Amino acid sequence: MNVKDQRVAVVTGASSGIGAASARGLAEAGYSVVLTARRADRIEAIAQELADAGHSAAAYPLDVTDRAAVNAFAASLPRCDVLVANAGAAFGADPVETGDPADWLAMYQVNVLGTLHTTQALLPALVASGAGTVVVMSSTAGHQAYEGGGGYVAAKHGTHAIAATLRLELNGRPVRIIEMAPGMVKTDEFTVNRMRGDEGKAASVYAGVAEPLTAEDVADAVVWAVTRPAHVNVDLMVLRPLAQAAQHKVHREL
Ligand code: 8X3
């Protein structure tokens, strides 16, 4: 296939976890993948790994909270068929009573405005593709509150609101909005970052849980949803490990 004819998938937050796994999955599904994240060395290594395996992949260092940088990135792309708006993070697990407003602001910036910036900037290309897809990575935290969820729950409700609103507003135009809402996923960085580097606290989140979801489990769902025929819109997928019946109902073998 001529590379210029290949459909292009942009993945934000592609340096690790769900983003990196989604980029790998979409490359294997035949997309030319553009990996973006702040850490250039990480995305360049993954792009190289994909290129070595015979896939089309490129790395573009990007902070999704920087609107001017996102606009410049969008202008550099010859086409865009899929956006996986995955970049996101949690900072802290404090109660609302004592949560740090600076953490709340940082979470709003990456989870809500990051999704807004990339979606707005790439929407013209997605519409022009004739069959565009946006995967919005929300969370079960975007649908259900829990103690200590605080600013992350608030921010992911905002991420969910973007997906739900955009789907209505784009009705009649050729862009699908797919919301992925994973529950307990064990990745290298997410919970360690949330617990400010405290590996012990991060490990306790998964204590006794036989099989938390992996980044690859979520990526598998992303690739499945993206590769449905263009008229099929997977509005929302809620993914949890078998051991997590609900946010508060987790089976632990301790
Ligand atoms: C992460 C899921 O349960 O930690 O998005 O909020 S949870």
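Predicted model: local features only at pLDDT ≥ 70, side-chain atom pairs only at ≥ 80, totals over all residues.
Local features need pLDDT of at least 70 and side-chain atom pairs 80 or more, while totals for chains, interfaces and linings use all residues. Residues are numbered from 1 along each chain as its sequence is written, and side-chain values use heavy atoms, with hydrogens and water left out.

Start with the ligand. Select Ser139, Ala141, Tyr146, Tyr152, Gly183, Phe190, Arg194 and Gln247, the residues around the ligand (a heavy atom within 4 Å). Then look at polar contacts (N or O atoms within 3.5 Å). A polar side-chain atom of Tyr146 is 2.5 Å from a ligand oxygen atom; for Ser139 the distance is 2.6 Å, and for Arg194 it is 3.3 Å.

Next, select helix α4 (residues 101-128) and helix α5 (residues 150-169); helices are DSSP runs of H or I, at least four residues, numbered from the N terminus. Their axes (lines fitted to C-alpha atoms over the stretch in contact) lie 8 Å apart at an angle of about 15°. α4 and α5 are therefore roughly parallel (angles under 35 degrees). Contact (heavy atoms within 4.5 Å) involves residues including Trp104 and Met107 of α4 and Tyr152 and Ile162 of α5. The contact residues comprise 10 nonpolar, 7 polar and 1 charged.

Finally, select α1 (residues 17-28) and α2 (residues 40-52), packed at about 20° with axes 11 Å apart. Here Ala20, Ala23, Arg24 and Ala27 of α1 meet Ile46, Glu49 and Leu50 of α2. This contact has 5 nonpolar, no polar and 2 charged residues.

Conventions
Axes fitted to C-alpha atoms, helices over the stretch in contact; angles between N-to-C directions. Helix = DSSP H or I, 4+ residues; strand = E, 2+ residues; numbered from the N terminus. Parallel < 35°, antiparallel > 145°, perpendicular 65-115°, else oblique. Nonpolar A, V, L, I, M, F, W, Y, C, P; charged D, E, K, R; others polar. Polar contact = N/O pair within 3.5 Å; in protein donor to acceptor, adjacent residues only side chain to side chain.
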